[in-house]
Amino acid sequence: MSRRATSVIYIAILFAAFVLPQAARAGFVLGAASNFAVLYEGNGNNTLQITNITVNFNVGVGGVGKLTDSGPSTVNGNIDFSAANTGQFSNNNSGNIIKGMVNFNDADVTTALNTVNALNTSLGGESGTTVAINGTTTINASAGTLDSNGNRVFTVTGFNTTNGDTLTINGDAAGDSVVLNFTNSVNFNNQVVLKGISEDKVLYNFVGGSNLSGGPTLQINDNGSSNPNNLVQGVFLDPNGAISVTNTNITGRVFGGDSHDMQIVSGDVIDSPPVPEPAHSVFVLGLIMALAVVFRRRFTPAQMR
């Protein structure tokens, strides 16, 4: 290949790799946590209890936490423990279906938990636009405080909803992520409708406490088994508080649980959204392929040597 052809391709790669990512703000990044639908902190030798649920992705248990599946449940993925196998997993129903493997000594669980715990602290320390969610509420991403990473940050000052209420979150043209910081315990019983924004770009971030003092309690129940159209969308992150998910259809993820028992029971369905290839990576690949075609046609075999 000629020096000119090689130089053009190098320039295109550098442009796509360094300029494009700066042009599009990414917002918060889940990193290794995007490999899980459920992440349980597992501190204090406590238990993640799952009963009569479907999880359509991987489940991770950190620390020395345990998982008891009383079923009948379906996990369409792996169940991964960060610790060695000393009897943390209890399969108590012959009707349980685990499509993947039960793995131990899985470092990805610890990496994923470290990532989301750091997110919880850093995003929780940011000042956001105040918003009260009482009954049916609409939030426009553009109204949030824009941080340097492309997150639209809100501070939730009040929350009171029922199964009949809907929280609508409208994305913005820039593709920014939305972060809702909660400092109080919440019964999240409402539906969620996302418009122009994906589930992995909406973070319900429960802030405060520690694994010693505890944090806000999160209870999610949208009465999903009675109405299959009921849906909650987004990523729930509550590292230091107790979490209970009951009778809920979630498209998103649930992370946290600290040193409390964590419950995911009574007809829950948790679907994790697919992780898209970064736009600039797709652009790089397409650009390289297009340039290869152009130069193959443009230069003769003698020129290409």
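**Exercise 1.** Find which side chain makes a polar contact with the side chain of Asp 176, then describe the setting of that residue.

*Solution.* Step 1: the side chain of Arg 152 makes this contact with Asp 176, at 3.2 Å. A polar contact is a pair of N or O atoms within 3.5 Å; within protein, one must be able to donate a hydrogen and the other to accept it, and residues adjacent in sequence count only if both atoms are side-chain atoms.

The model is predicted: local features need pLDDT of at least 70, side-chain atom pairs count only at pLDDT 80 or more, and totals for chains, interfaces and linings use all residues. Residues are numbered from 1 along each chain as its sequence is written, and side-chain values use heavy atoms, with hydrogens and water left out.

Step 2: Arg 152 lies in strand S14 (residues 151-160); strands are DSSP runs (E, at least two residues), numbered from the N terminus.

Step 3: with a relative accessible area of 14%, Arg 152 is buried (under 20% relative accessible area, 1.4 Å probe, protein chains only).

Step 4: leaving aside neighbours within four places in sequence, the residues in contact with Arg 152 include Asp 172, Ser 177 and Val 179 (contact: heavy atoms within 4.5 Å).

**Exercise 2.** Explain why strand S19 (residues 202-206) is largely enclosed, and trace its pairing through Tyr 204.

*Solution.* Step 1: five of the five residues of S19 are buried, so the rest of the structure largely encloses this strand. Val 202, Tyr 204 and Phe 206 cover one side, Leu 203 and Asn 205 the other.

Step 2: S19 pairs in the parallel sense with S16 (residues 177-182) over five bridges; pairing needs at least two DSSP bridges between two strands. Here Leu 180 has Tyr 204 as its bridge partner.

Step 3: S19 also pairs in the parallel sense with S21 (residues 232-238), over three bridges. In S21, Phe 236 is the bridge partner of Tyr 204.

Conventions
Buried means under 20% relative accessible area, exposed over 50%, partly exposed in between (1.4 Å probe, protein chains only). Helices (H or I, at least four residues) and strands (E, at least two) are DSSP runs, numbered from the N terminus.
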